[in-house]
Amino acid sequence: MTAPSRAELLLDTDRAAAGLGMRSAMLSPRQLVFRHGPHQLEILAPDAGAERAARFVWGQLVAGVEAPCADTGVAWLDGTGVVRSETVTDEFGEFRLAAPADEGGLRIDCADGSFVCWVPPSRRETRCAS
Amino acid sequence: MNIGTTPRTPVTAAEPAPTPLDAAFAEPDTRAAVALLRAELSRSEQSDAMAELIIKAAVNQVRRDPRRAFAFARAAAAHGNATPQTVARALRVAGGALVSLGRPRLAVAHYDRALRLLDVTADAGDLAAVEVKRIHPLSLLGRHAEALAAASRALRIREQLADAIGIAEIEIALGDQRYRQDHYREALRHYTRARNCLAPDKYRRLRAIVDCNSANCLEALQRYGAASRLFERARAAFEKDGLRPTVAQVDHNRAYFAFVRGRYAEALTLYERAEAISTELGDERQLAQVALERAEVHLQMGMPRDARRQAEIAAERFGRVSMVKERAQSLVLQALATIVEGGTPDEVLDEARAVFTAEGSGVWVAECDLLAAAGAESRGELLTARVLATSAHDGFARAGRVARAVSADIVLARLDRAAGRPLDALARLDGATDRLGGLAGPWLEVEILRHRGLALLASGDTAGGAADLAHAMDALDRHRGSVPADDCMIAFLSSRSALFAETVDALLRAGRPAIAFEACERAKARALTDLLERRASSGQPAAALSVVRTRRLEDALHASYSRLRRHASGLDELTVERLATVRRETASLETELAEGRRRDAAAADESPDATASATVPLTLGRLQSRLDGDTTLIEFTELPDGLHAFVVSRTSFAHCRLGVDAPTIQSRAQRFRFHLAKFDVAAALASSELSLRATRSNLSELAAALLGPVRELITTRRLVVVPSPALNGVPFHAFPDGAGWLSETVDVAYAPSAAVYLHCAARDVSRRSVREGPTTVLAVPDDAAPLIEREAWVVANAHGPTAQVFVREQATIARFREAARTSRVLHIATHGMFRPDEPSLSCVNLADGWLDLHGVYETDVRAEIVVLSACESGVAGVAAAGDPLGLLRGFLVAGAPRVLASQWRVSDASAALFMETFHLQLAARVGAETALREARAEVRRRFPHPYHWAAFFLYGHPGGAAGTTRRAPCATLSTPATIAVPASSNARSLGRVSCVPTT
């Protein structure tokens, strides 16, 4: 069995300015956008300062702006690739997943194969502020 | 902390004759004075006599300025021509100064050297004097056997010499030693023997020391009346002699005494003074002790983070001065703070317990047991918890610490209840009450009543349980009068939020929903209500909360904010390493500033009792009589069985258990935040039909859970939502309602509590608000949010020629203050941010600085409406007791009857469109609610997602705030529909546009 391929990281707000057009003085919560073939995954990472039990990833998987990927398996892998939690996307392609490990990634199990979105370690301090 | 003995110089001694050293003694600069002394010593033929004079001068300085005393004594000791006896005496005085400076180890080294010199001369009197002096620092270092041996040697000599005063000194030192080992009754016996050695009309200082140290023992034994009298007498004696440092030491002791009686504000004020004097004197030991005791006060007030920091400071300082036991005490408090914060302390408890055991401190071993019992209980190890709590109880009882023993009883009662034996719990608590015999500290009274109530509930006596819990709330209300306002009060009430929930729950179970509502309201945003009451009675800005020593920190923090803002906006990119550094510095500055402000505010709040007693809890009848016929108020609360709602109108009252728990709602609210967050990075996806459907589906589920069961009760045009902490920021006005949205049919406003809502409504009636003033717009646009400028001019034009506009460098904090006082409508368009770690530092950016909660507190806001057109301007950190902390709080306290502010990060384009429409309507005198409805509808037409049209929430009293002149919107302006929507710079990263109108 071949290892799942790796999605391309398009944006990590930890490593990019949030952009113009906002009236906020600070960066938003950490968000990442991945692309793999036609799929695009957008996730809201857990607050680095959150307690382990309260660490959740929110995400949405689409195959186009109006094309949600429903009923798709999503798993949180820890840094060694072990599955720590699993769920499936809802009708909007959205999911909520416990992310107990500090480092890891998401494995997406689509009908046409799996891919992995590795989340780089946060560069933020444990205090979530900016 | 006990006070060491002074040198045996009667205070009535005659004035000394003039000497050649007088010039040196008069020199205020210690270094220069010592140089003069050395010069004089080297010139004089009577150098030994001169050294004696210097020693005498040092003795007189020990309690006034120990650093100077030490320098003088060292100068005398270093003189080559002095006799060994004189050098020994000088070393003894230097040792005394070192003890005062918190350097016991160094002091012992000086005394040991003196003893070696005296062994040669064999002067019994001097030997005894040095031995007496060694007792105290040896005790501080935990070398109790050596301390007792020194005491025995000294006592033997002084008994041979029939030296009654000397014996008194030894008794005092022995009393101090027993006190340190928690043997309070034995210590008192030593002090009594010392007092008996002293003639009633002589040795005032020694008698004062005996008084002060006896008072500490009496306080530990809860004999508060006697302790109070002795503290006062000791303080008066030291003050009469002008001994400022010693007066400070007594005040320090009085601070703890105030704390144990629940007088937090008084305690914090006294600690502040003690710290100032100790800093001035460089007294490390006293500074460490202040930090340790402050940690305890903060813990009791429900501020574990501040407590942990203070305990860390104390541990570090005690470590520096080698005070092992006190360092261990600091570790215990650190561990306790960590547990309260929800963490697991490391293995410091074992280390601390070993120290206390070696020191023979039974009380602190018991403290460790009690702490470990709480830990075991939280892990569900009930048997272990019981063994530990019993051991703690016995340890406290043996030492005569009745109140602490009762604390252990409360833990045991809790364990009885958990084991299904509520009657045992009741018997234990009743026994504890009897043992206290009216000596209950205020928090013990609350806790005993609370656990009695819970035990009664568990035994099936619902009415009795509810009654006891309600009494516990009454006791808490009496008790909280001594807590400083605002931050401390918020923390204090939040740490007691379990009691509020238990009481409301019990009252509902007892079939008393109206009383339950009143209890619920009593617990909600009470600290804010206190401030509003204070403001209403004084009519002045909250000056007591002003910052007195934090300007430097503010400047540094604001510079950091500006760097981060420029980076966040993409205007000035920092390297990853630099960004991490700036963030770290920012976090550290925020912590320091917030803590400093809390301390300033607490110390400045000298008469908190008056505030609390002035706050009369709101009754259901009073609320109903003040609601108009158009308004329904819905107040949510979180109880053990989930969320409940109280629905109140002028003529009806209903209670409803919603059947959903807080975590479920929080999860849905998080999902909504996820939908909003997409607009920052994936705008096309966020603005898609898919995203709108997902958001609407999520909001529908929230609506079904929160309003579904009570929707038919809402028949009025206006709904005021009083959320529970879990519902903070949930947009009720954006709930789907039929085919549309709730805000299309019902005007929704928000308030932290019903009492706060009535306060805001009263401001309209009292005519305090400015009715005829201009509209003032303050705007700080930049490249990241350029539409702010346009918005400013459109808003001003809408309100006619009297409107004032201050843009960019004109939009200063001073202008804000002036405009807040004189304007009818105040509109601020700029960047804003919410600081989740320190919500009180959340702020908006003005031309010359960042305006935060404290800046707003100091302002007199008379505007009818304040509009904060910025990101997250209405976001608040909501404490467990429902008190919001953020900019919104500041404006409500400062006098605004209503505030329009955002709950999330807003887009420049849709915010501008929203605000321009809102003000065009407001200027047409349609009222704030109608203007809001129109603005939302206008934005929704172009940007259907709630992210754009639902960001701004109306807080306070929604009625009123109409324009002064009925006029059509200014015809010369472009209508909002023509506003160009700029492409977001997000295009740089994703090739997308952030705001995509669908029409």
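## Burial and strand content of chain A

In this predicted model, 52% of the 130 residues of chain A count as buried. The secondary structure of chain A consists of ten strands and zero helices, and reading along the sequence gives the pattern β-β-β-β-β-β-β-β-β-β.

## The five-stranded open sheet

Five strands of chain A are arranged in an open sheet whose order is 1-10-9-6-7, and the pairing within this sheet is mixed. The edges are taken by strand 1 (5-6) and strand 7 (83-88) of chain A, each of which has a single partner strand, so that one side of each is left without a neighbour in the sheet.

Which residue of strand 9 is the bridge partner of Asp78(A)? That partner is Gly104(A).

## A positively charged patch on chain B

On the surface, a patch of positive charge is formed where Arg38(B), Arg74(B), Arg113(B) and Arg116(B) gather. One of these residues, Arg113(B), lies in helix 6 of chain B, which covers residues 104-121.

Is Arg113(B) buried, partly exposed or exposed? Arg113(B) has a relative accessible area of 37% and is therefore partly exposed, because that class lies between the buried limit of under 20% and the exposed limit of over 50%. Membership of a patch requires over 30% relative accessible area and no salt bridge, and the 37% of Arg113(B) is given as its relative accessible area.

How values were computed
Residues are numbered from 1 along each chain as its sequence is written. Chains are lettered from A and ligands numbered from 1 in the order in which they are written. This is a predicted model: local features need pLDDT of at least 70, side-chain atom pairs count only at pLDDT 80 or more; totals for chains, interfaces and linings use all residues. Side-chain values use heavy atoms; hydrogens and water are left out. Patches are made of residues with over 30% relative accessible area and no salt bridge: like charges are joined within 9 Å, nonpolar side chains (Val, Leu, Ile, Met, Phe, Trp, Tyr) within 5 Å. Accessible areas come from the Shrake-Rupley method with a 1.4 Å probe; for residues, only the protein chains shown count as cover. A salt bridge is a side-chain nitrogen of Lys or Arg within 4 Å of a carboxyl oxygen of Asp or Glu. Lys and Arg count as positive and Asp and Glu as negative; His and the chain ends are not counted. The place of a charge is taken as NZ of Lys, CZ of Arg, CG of Asp or CD of Glu. Helices (H or I, at least four residues) and strands (E, at least two) are DSSP runs, numbered from the N terminus. Buried means under 20% relative accessible area, exposed over 50%, partly exposed in between (1.4 Å probe, protein chains only). Two strands pair if DSSP finds at least two bridges between them.
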